[in-house]
Amino acid sequence: MQTASSSSDITSSLRESRNFKPPAEFVKRAHLKSMAQYRKLYAESIRNPDKFWGKAAAELEWMKPWTKVCDWKEPHAKWFVGGKTNMSVNCIDRHAHGWRRNKVALIWEGEPGDEPHISRARNIPYASLLRQTCQFANVLKQFGVKKGDRVIIYMPMIPEAVFAMLACTRIGAVHSIVFGGFSSEAIKDRILDCGAEVVITADGGYRRGAVIELKKNVDAALAHCPGVRHVLVVKRTEQPVHMVPGRDHWWHEVQQNASYECPPEPMNSEDPLFILYTSGSTGKPKGIYHTTAGFMLGCQMTTKYVFDAKEDDVYWCTADIGWVTGHSYSIYGALLNGLTTVLYEGAPNHPAPDRFWQIIDKFGVTIFYTAPTAIRAFIKWGEQHVLKHSLKTLRLLGSVGEPINPEAWIWYHKVVGKGRCPIVDTWWQTETGTIMISPLPGVTPTRPGTATLPFFGVDAAVVNKEGKEQPRNVGGLLVIRKPWPSMLRGIWGDPDRYRKQYWSEVKGCYFTGDGARRDKDGYFWIMGRIDDVVNVAGHRLGTMEVESALVGHKMVAEAAVVARPDDLKGQALVAFVTLKGGQVPSNDLKDQLRAHVGKEIGAHAKPDDVRFTDALPKTRSGKIMRRLLREVATGGEIRGDMTTLEDFSTLARLRHDEE
Ligand code: WTA
């Protein structure tokens, strides 16, 4: 792991001075309209967090009021102690029982543009979302799922995936969603780690016109998961699948006898809500878990203020529910605010590269939230695809997942936003649960490439290893110095790792793992991960995981995976591989290894480049010097300290092989 032992380890060469003020038209209608207003609220939220969050929490529906706002014993926070509430009630019932009952909650668009099934009708009003969720909850109960039980959801982006998530929250089960692009290995690891006994899946999902065989992947995983009692299967793609009698059930059959009414389980504020696995630098994915009330409040507040959410908005966050952005913003934040949220099943370039723009015009999307990797793909495909559509309903654009390079920002602003839509570049993590650093669109002048200022209650700072704040424009470690309601509560089953990973690097602070600097105005410029977790096409990956997958191949002796910058994906993976004795490098083997990683982890983790070498550069203590490999991979000059390098000829050969 590359630690930032001194601040100068992180140098930033990005300088950007173009300034974009919130447009006057936007400010007129915005919830928050001035920097003075933001500064006042921010100061209050830091000075007296209990008062600030206590007041904010009154916007939620409680079954029993809380008695204490925050109970903090580092590194463990409890928020809204003594309170009881329920996520599904806040997302659905309070709208479904009021005047929003016929307001559309979900607009769904299938990849083939179809609507074959009644429950997949395109527009789902709040009242019907309530019925469907309750029915799903009753089916879960029927199969013995109780409060606290973990349920794996491995589904395409179809309305049933949303019913399934919300049904879990209704009865107090803890959902753990596994991204539909993950392989059976990844499903298996997650089932075993969280001890799930029930899996919800579909026969398949559509991706770029092809069918992803989800049920088949589940079957392969379950060969190693004897603890799973039941699998609920939603029919989507209709290809034949194998159903194990007694274990596997078609959703449309078991739903027949389930009632549309299901009383919500009163949940303690701190009862777990979901587990989401994310990459760590040590190889094994971490089960980040969030609890009920604090997470809910974070989603509700940030959606309202960062997206300036209004009753008449049609909101579209393009993230898959398998990632945290899909949890907090495609679903929870939107529904908590009673918004209409768009859910699209498929790829942005199917059947043509203008699919997203077509969807925006078709449904009149007003707020559009996507990732820099997608924006770079749009740029590559050409602006003519965007220009075919008017996009006149858009009023706000968002970005998340990795630093957005200024070129992409400007393109997004001009070509998509027509110069009239503010852009909110939102920095946050699976661990933080909700947006932490972001412009407020009616308030903050933006600059391409910076996430600007912290959200309310977020005491973010750039420090050195000793926890001392860095001077302006000097890079350092990004930390959060106070607990916040939507923070992770731990790593499932591994409290030591939680403490070690997040609360030991810098004393008294939550360590984000990111490097950053602040400019003269206090704006935060995120410089990416300081360890070996990389971000490929918006997917955060531990290079260690890819390495272990490669080493799992029978011909591979050793592997080191590093990232090099990639115009399209942000970062691309380069694998340096040494083969076992007697094995011969070939292009065919490269393809095999890439396919192997795809099978073990998922297609998004496949290295773009595989390079065979007969040795890897190592330190004397046997650690692979990834820093050197990174420099080889980017074709850059090898700089810095090499005194620990064991064998110089290795490096010379690696560089030679490049030519
Ligand atoms: C990176 C995604 C720069 C960062 C919500 C972080 C960003 C990691 C931004 C979390 C941004 C996310 N600017 N970097 N606006 N947003 N990141 O857990 O390195 O998938 O630590 O959560 O993505 O990735 P995760």
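Residues are numbered from 1 along each chain as its sequence is written. In this predicted model, local features need pLDDT of at least 70 and side-chain atom pairs count only at pLDDT 80 or more, while totals for chains, interfaces and linings use all residues; side-chain values use heavy atoms, with hydrogens and water left out.

**Exercise 1.** Describe the contact between domain 1 and domain 2.

*Solution.* 
Step 1. Domain 1 covers 24-457 + 482-499 and domain 2 covers 545-658, with bounds from an automatic or database domain assignment.
Step 2. The contact (heavy atoms within 4.5 Å) involves 16 residues of domain 1 and 13 residues of domain 2.
Step 3. The two domains bury about 940 Å², with 47% of it on carbon and sulfur atoms; buried area is the accessible area (1.4 Å probe) that two parts lose on being put together, summed over both.
Step 4. Zero salt bridges are counted between domain 1 and domain 2, a salt bridge being a side-chain nitrogen of Lys or Arg within 4 Å of a carboxyl oxygen of Asp or Glu.

**Exercise 2.** Why is the pair of tyrosine 38 and phenylalanine 456 classed as tilted?

*Solution.* 
Step 1. Rings of Phe, Tyr and Trp (its six-membered ring) pair if their centres lie within 6.5 Å; planes under 30 degrees apart count as stacked, over 60 as edge-to-face and the rest as tilted.
Step 2. The ring centres of tyrosine 38 and phenylalanine 456 lie 5.8 Å apart and their planes stand at 35°, so the pair is tilted.
Step 3. By this rule, the model has 38 aromatic pairs.
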